[in-house]
Amino acid sequence: PNTRPHLYMKYQAQIRKAVLALCLICTCCIASAQSTSESFKVVIDPGHGGRDSVTRAGNILEKNLVLDISLAIKEQLQKNGIEVVLTRETDEFLSLSSRAAIPGDIFVSIHANAVADSIGPSVRSMIKGMEIYTSVSENLVKSTLLATAFKSHFSSLPGLSFRGIKRKKLAVLNRDSPSILIELGFLSNEEDLAFLVNRSNHQQIAGAFIRAVKEYRKVIGLK
């Protein structure tokens, strides 16, 4: 007599368990592959450097200040397990095109502003606050989402006001990934300057940067 049906019935439960286990293994493999594919790199661009040095307040140079802040941000991002690369980590000159060519999922250029000396001191002292510029490329939508995430967390920093999100065609933002340029404040304003040169505030800026990156990732559907 044919005993195969009887054998199947006998081991049916074990077969089902084996199939279920195989499905779970496949699911875990797919999830692991998706996690790998969702790797995320942040490019931070400390503005200027080397011979490109104009904005200053006395002996405080923008190029050095934004580099110090960018290094603090990099350190905190790495501690949070976020991949990050800086366009420069020393006082060196880089062309705008070479900065924009560095690959990454988002690009954030860090700067500090100033009002021209030709403007009267009373007016100069009144102009202060942070500004965020977005690219006007095909990545405008995602760049705006990125800028909005940064506004949400940077505008809450004590000691800095926020002047708004603006659009401007900037060579350093001419790239394939979402990109923004942040003017952290005005070196020509005493309050902004005092905030930006205080190294303890660099950690506050880094914390806001991390929260903004995490919010942006969540908005676009990443963990």
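A surface patch here groups residues with over 30% relative accessible area and no salt bridge, and nonpolar side chains are joined within 5 Å. The model is predicted. On its surface, Val-141, Leu-145 and Val-219 form such a nonpolar patch.

Follow Val-219 into the chain. Val-219 belongs to helix H8, which covers residues 199–219. Helix H7 spans residues 190–197. The axes of H7 and H8 come within 5 Å and cross at roughly 85°. Angles of 65 to 115 degrees count as roughly perpendicular, so H7 and H8 are roughly perpendicular to each other. On the H7 side, the contact uses Phe-195, Leu-196 and Val-197. These meet Arg-199, Asn-201, His-202 and Ile-205 in H8. Of the residues in this contact, four are nonpolar, two polar and one charged.

Now turn to the charged pairs. The whole structure holds nine salt bridges. One of them joins Lys-63 to Asp-91. Their closest N and O atoms are 3.0 Å apart. This pair links distant parts of the chain, 28 residues apart. Lys-63 sits in helix H3 (residues 62–79). Asp-91 lies in the loop between strand S4 (83–86) and helix H4 (96–100).

Technical notes. Residues numbered from 1 in each chain as written. Predicted model: local features only at pLDDT ≥ 70, side-chain atom pairs only at ≥ 80, totals over all residues. Heavy atoms only, no water. Patch = residues over 30% accessible without salt bridge, like charges linked within 9 Å, V, L, I, M, F, W, Y side chains within 5 Å. Areas by Shrake-Rupley, 256 points an atom, 1.4 Å probe, with all protein chains shown as cover. Salt bridge = Lys/Arg side-chain N within 4 Å of Asp/Glu carboxyl O. Helix = DSSP H or I, 4+ residues; strand = E, 2+ residues; numbered from the N terminus. Axes fitted to C-alpha atoms, helices over the stretch in contact; angles between N-to-C directions. Parallel < 35°, antiparallel > 145°, perpendicular 65-115°, else oblique. Contact = heavy atoms within 4.5 Å. Nonpolar A, V, L, I, M, F, W, Y, C, P; charged D, E, K, R; others polar.
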